Each structure stands twice: as C-alpha cells, then as structure tokens.
Amino acid sequence: MPVADHEVRHDVDTGLSAAEVAQRQADGRTNDIPVRASRSVAEIVRSNIFTRINAIFAVLLAIVLSTGVLIDGMFGLLIIANSVVGIVQEIRAKQTLDRLTIVGQARPRVRRDGITAAVAPNEIVADDVIEMAAGDQVVVDGQVLRAEGLEVDESLLTGESDPIVKQPGDAVMSGSFVASGSGWYRATKVGAQAYAAQLAQEAGKFTLVDSQLRNGVNRILKYITWLLIPAGALSIYNQLHNNRDDLGRALRGMVAALVPMVPEGLILMMSVAFAVGVVRLGRRQCLVNELPAIEGLARVDTVCADKTGTLTENAMRLSEVKPVSDGAAPADGEVPRALAALGASDPRPNASLAAIVEAFPVDPGWEVIATLPFSSARKFSGATLSAAGTPENWVLGAPDVLLAPGSPERAEAERIGATGLRVLLLGRSDREVTAPDAPGRVSPAALVVLEQKIRSDAKETLEYFARQDMAVKVISGDNAVSVGAVARTLGLAGADHPVDARELPAQTEPLAESLEAATVFGRVTPAQKRAMVAALQSRGHAVAMTGDGVNDVLALKDADIGVAMGSGSPAARSVAQIVLLDNKFATLPAVVAEGRRVIGNIERVSTLFLTKTVYSVLLALMVGIPGLIGHPALPYPFLPRHVTLVGWFTIGVPAFVLSLAPNADRARPGFVRRVMRFAIPAGIAIAAASFVAYVLTYPGRGASETELVQASTAALITVIAVSLWVLGIVMRPFVWWKVVLFAAMALLSAGMFVIPLSQRIFQLDPGNGGDRATAFACAAAAIVAVETLRRVFGHRPQPPE
C-alpha cells in the first residue's frame, strides 16, 4: 500500500532519532547478521581435529598403545601435527579475510536525525531510512519511500532478467540491487528475517565447496577407507593364524600395514597451501570471497574484461564540448547551463556525469520536472527541465543510440571515438524523458568529449595473459570503435576489428562462433554480457569476468570466476569471488600464479602420498595372500615406527616444502587420473622390489630375532631408496634449494641406519653385507622400472620455474 506523501517526506527528511535507534537496539531489532569472511575459531578447531584421517589414526594408535609398545605409536604425532598446522594456517587466513572483508564492506547510507551517514550493515535497525542509488545493493528488506527513476534488478533472487520499476510503497528485497535511478526505503525486515540474510551469510564463508582438487582427493580417500577393512583383516589373520605370532606383535604388524595406506598429510598439505595462498593474496589487497576462486582462476583460459574501471580508470575528465546543430543553433551559453542542470538533477551521478559536474559546477536553477537516470541497457539519461516556464527535454547519451545512422553528428562522434575518447551527445528530445517511447526524435546540441586514463598496469597484464595462452575478450557498453582504440593502444591482438554487439546473434552457438573470431566488443548490454559468458562456457572455456559496475553483475555471477574492483559498485563486489581492493588490474596475474602454485604443488605432493598408498596396499596383499592359499606365510616386514621413518624423510617434510614452492604450470582437468597414472606404476615397482628383497633375505621360521631384523632392514632400505628416487622425479627440474632439500632427506634417511641410537630406537640392523647388496640391487631394478614406466605412461616433470 503506498505511503502518504506527508509521511514519506517526514521519513526521508528526518529518519529515526538517536533515541529511537537506541530503543530498537535495546529491543534487539537490529540487522544482527555477523560479517563472516571465514569460519569461527571454534569451527576451525573442530574441522581440523575431527577429520576422517585423524579418526583412522586415533583408532590405530589406540590399538598400538594397547600392546604397551609406545615407540610404535610415533605415527600418532601426525594427529597433533595435522591438527595444529591446519588450525594455525587457517586462523591466519581467517584473520586476513576478516580484515579485508571489513575494508571492502559496502556501507549503506542511512538518515538519522536529518543527517545522512554511511554505517556498517550490522548497525542498521528496523525502520531506518536508507538511501539507494545505481550500483547499491539492498542490504535489508524494505518499503520504498521515495523513488526517482528507480529500477531494481532482482535477477539474483528471482531469475527475472529485466529491472523492475519501483514506486513509493513498493517492497524491495535484500540481495537485489539498484540498476538505475535513486531513492530511499524504510527497513522493514532486518537480521535473520531479511529475505537474503542466509544467502549473504553463506556467501562470505571461507569454503572449499565445489573445489575440483578437494573433490578428487576426497574421492581417493573414500576408496582408501574401504580398502583398510579387508587389508586389516587379511593382515591380522596372517599374523595370528599362519605365523602364530602373539596378539601384540600381530596387532602392531596390522597397524604397520595400514598406517602407510593412509595419505595422512595430503589434506594437511592442501589446507596449508590454500590458506597460505589466501594470506599471500591478502598482502596484495586481494579479497578471496570463496576459496575455490584461487583454484578456479588457475584453470581459466578466457578472461572477459570490461573496459571502464578495468582497462581504464573510473575517473574521467571533460576534454571538450563541441556545439553542433541540425537545426536552430543553441542560444549562447545554453549548452553549459543545460549540462550543469542535468548534473544538478542527478543526486548520484555516474562517472561520466560526475566529470561534467566537475567542469560545470554551478546549478543554473532550472526547474526539474522529470528525470530519467542512466541505464546500461538504454545507454542514455535525461531530464525534462524548465528554464523560463517552458519545459524542454534534454537527453545525454550514446550518439549511435540517440541519432539516426548517417547523421553528420554521429559520424563526427565516431571519428572522435576512434581516437579512444568517450563521446556523449547532448540533445533535445521531442517528448518527455519518462515517456514510454523516449527519447523519440533527438535534435543534437553538442558533443561532449571525455578523456579516460588507461591504467598504467593494463598493458603489462594483457601481455602476461598472452604469454600464458589465455584469451582476452574486451566487452564494454561503450562505442565499439572507441573501445577498439583503447584496446589497440594496449597492443591487444584483434583490436583493429571491434564488433558492435547490436549486430551479434542471440543464439548461443552462433554467438560463441562470433566470440571465438573477435576480441573487442562494444555496445554490449548487461544481458549480452551474461549471454557471452554462457556462450564461451558452452565451448568448454573456463571464463573469468572482470568488472566494477552494476552492468557487470549478471556476468560476474555466471562466470566461472568473477573479479570485481574494490572501487566498484557494492552489487558487483557482493557477487564476485575475488575483489581487488587496491583496484589494480595487475593483481590478477598474481592471483592466477597463486592458483597455479596451489594446484601444481598439490598435484606434485599427491604423487608422493599416493605412491606410498599404492605400494603399502600391494605389499600387504603380497605378504598376506600366500597364507590364504596354503603357501608358507611371511610376517609383515615392517613395524609402525618403520613406516613413520619412511613418511618423515621421503614424503612428509619434502611435501610440506614443495607445497609452498613456486609453480607456474597451468591447471588442467583430470587431476586424479594424472596422479594415479604415475602413482600406480611407481607403487607397483616399490612394492615388488621391497617384497623381493624381503623374500630373498628372510631366514625362514625359527630364525633368530637378529636375522629377522636384518631382513626387515633390507626391505626398508629398498623402500626408502626407491621412494627417494620418486621424490627426485617429483622435484624435477632441480634448482639449488631442491638439491639441498633432497640431499638433506637422503642424508637423514641414511643416518637412521648408521647411527647406533636410531638403530636401537627403530630396530634396524644393516650389518649383513649380503642383505644390503640384495636391497640395493632390488632398489636399482625398481628405479629402472619406475623410469621406464614413467615414460610409458607419459608422466612429465614440472616445467622450469
């Protein structure tokens, strides 16, 4: 129901008093949805302690501790390490995200006691009077009090693509945004009652949802979990039934077989790599609203960039006003006064009109009868003004929209625009600007020429994308020739042939073909930007969209990765996964590089962990299956402390370092397939070599404890030697710090076998020369097999750094 005019004016002019605000705060009628860029500390602690891997290790640790041999429970330290490191790194990421979210937070303008001021969203109370203008997001549900050409886009909530005209008394919903015009509304539903409160809360969480990397690892872990049950049953049966071991030794043998099957540090390495990525990007003033964005941008092969605010700076400067006329010439001084009046009629001018206001700041005092705010869809704005009792309809907008083809003024505008300048037409319309068929026939009065400053970092950034084989599509609402001129100065390939989007097909497939063939597109509507993103995605492209205006919101939302500038509209920032708070387009390559580092390094260290999983499963089967089919059974060759030793020096420590190393390889789909294509052959080679070494050195039943330990040591030497070789493959190509890391791991591994104290602690005895020779021979054969299989299955080392 519409609000009475006197009540509307009273509300808009004064708003709530301080006492009324305090009373509502006391009553709890506040917009108390917390600003959450990340999970709470308690949630972080819980999620890092109560994990599947920690649960598995806790059960196995309890089994070992029940035997009374505490040293074999050393792997239990991984529970603490996984939890503590993950908690610390994620809390660091949380602190970074929380700080940046506050910096980049939209602050709605609220009127209280007759004064308008920006406040944090959670400071809004029920019945607050809130201002809204083009680009603003509606932060709480409300009722419109005053509207001036107000159009609200509710597509993010309802799917309705066309903006909805709002009049006083109409409802507005939180989560929608202002497409054009301005107005005021009263907050009717705040906090958890607001329509989009839950959506807004979830959008700001530090999350790993829809991460291809995470999903692939979780799929692997699921299969491994199911493998543990039959492998454990086989091991305990073999130890008790065939080898007649006592229960304690049998349980320790089972745990020794199961522990290395679990890639215990893989989730930790992934969490650390992502969290460190967030912190690193935070130092560059880059806010990651959704964590998969780091991974997703590394997969992007096409970047759709808006011109204004991305390639050029938002601020503009009036360069020239060129009076023109197709009939009666404007009266002397009328054009400057008309421009000043248009600027004064808009309470929240866009960048173009703001430049005009700066040049013509004195309001001539013309009466405003009606206004039409600028819209990206219609490409013009206007006002019906009266200077001396006679109304005149003034419009300001794109010459190629307001003028007929072939007009000399339009041709002149095209000529000026070809130099990279923005050109607007000031003209008189033959009908009121709010008429349904406006603008009607337009009589040109002047061409308004605006200068746009190209970002100093734009050229270098575009060159980076070209070197990385990432296609760049410039899509702008400006004149195609003008956009092409800007792109041409930046050296963008294909900029010599800009395309007017009004000539593009509407169907997805023909549109995709046009997009593949061209680079620069002008006169693109918001709906077309969205359609362009969908068309490129239909061709299998991973698309990133960069923008800062309300006209970019739909495309930002639909793109695989949406990137907004910190100075952009609140609506654009709210839907983007990544916000560049420093407004530097040059930050984008750093985000791409960080994503590639994360994905490339996780793939690298996954190879280490899953190779260990493969050979552990196979070794358990090789040892256990003969006993099931009536052949003499062998005891499991290793103790839990042995697999801890292998894990430390061939996987854990180097994996942690490698997960943080530089890596520029572009992300590709098929993570699990690629990793397993190397891990399975390498795991088979290690399992076969260690089993052969163990069989050849095993003294048989009735042998002394020393002989059994020597056989176990020979098998362990084989495993560590080949695992170190696999580590070397994963490290390639070598640089100085990798050489140091590899040498340190090899020396520490060898030290465990020769230092008397470690021999006693880990029950190692390399004293039998024949056993040592057998171990090294088997290891050498396995290394040859690994290198051969690597070439057969097409595994390639990482590219040079």
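Asp-113 counts as partly exposed, because its relative accessibility is 47%, a value between the limits of 20% for buried and 50% for exposed residues. In this predicted model, Asp-113 sits in the loop that links strand S1 (109-112) to strand S2 (115-118). Its phi is positive, near 55°, although the residue is not glycine. A second residue of this kind is Asn-583, with phi near 60°; the loop between strand S21 (578-580) and helix H22 contains Asn-583. Most residues other than glycine have a negative phi, and most peptide bonds are trans.

The bond from Ala-438 to Pro-439 is cis, with omega near 15°, and Pro-439 belongs to the loop between strand S14 and strand S15 (442-454). Arg-732 and Pro-733 are likewise joined by a cis peptide bond, with omega of about -5°. Pro-733 lies in the loop between helix H25 (705-731) and helix H26 (736-754).

These local features belong to a chain of 801 residues, 57% of which count as buried. The chain contains 28 helices and 21 strands. Where contacts join residues at least 6 apart in sequence, 73% of them link residues at least 24 apart. The accessible surface amounts to about 31900 Å², and carbon and sulfur atoms account for 59% of this area.

The largest nonpolar core comprises 136 residues, and Leu-297, Phe-465 and Ile-578 have the most contacts inside it. Helix H22 (residues 587-628) gives the most to this core, namely 15 residues. When neighbours within four places in sequence are set aside, Phe-465 is in contact with Val-303, Met-470, Val-472, Phe-585, Leu-588 and Val-592. Another core, of 30 residues, lies apart from the largest one and includes Phe-177, Ala-512, Ala-555 and Ala-572.

Empty space is a further topic. Rolling a probe the size of a water molecule over the atoms shows where such space is left. At least two lining residues come from each of strand S7 (177-189), helix H12 (334-345), strand S11 (367-372) and strand S12 (380-386). By class, this lining has 7 nonpolar, 6 polar and 2 charged residues.

The second largest cavity has a volume of about 90 Å³. Among the residues that line it are Pro-399, Asp-400, Arg-410, Glu-414 and Arg-523. Helix H15 (408-417) is one of the elements that supply at least two residues to this lining, and H15 gives the most, with 4 residues. The lining divides into 4 nonpolar, 3 polar and 5 charged residues.

The second largest pocket contains about 1200 Å³ of space. It is lined by 48 residues, of which Asn-350, Ala-351, Ser-352, Phe-374 and Gly-549 are the closest to its centre. Elements that give two or more residues to this lining include S7, strand S10 (312-323), helix H13 (351-359) and helix H21 (570-575). H13 provides the largest share, 4 residues. The lining of this pocket comprises 17 nonpolar, 21 polar and 10 charged residues.

Definitions and conventions:
Residues numbered from 1 in each chain as written. Predicted model: local features only at pLDDT ≥ 70, side-chain atom pairs only at ≥ 80, totals over all residues. Heavy atoms only, no water. Buried < 20%, exposed > 50% of the residue type's maximum accessible area, 1.4 Å probe, protein only. Contact = heavy atoms within 4.5 Å. Areas by Shrake-Rupley, 256 points an atom, 1.4 Å probe, with all protein chains shown as cover. Nonpolar A, V, L, I, M, F, W, Y, C, P; charged D, E, K, R; others polar. 1 Å grid on protein atoms, 1.4 Å probe; cavity = no way out; pocket = protein on both sides within 12 Å on 5 of 7 lines; lining within 4 Å. Points joined across faces, edges and corners; volume = space filled by probe spheres on them. Core = buried A, V, L, I, M, F, W, Y, C linked by side-chain atoms within 4.5 Å.
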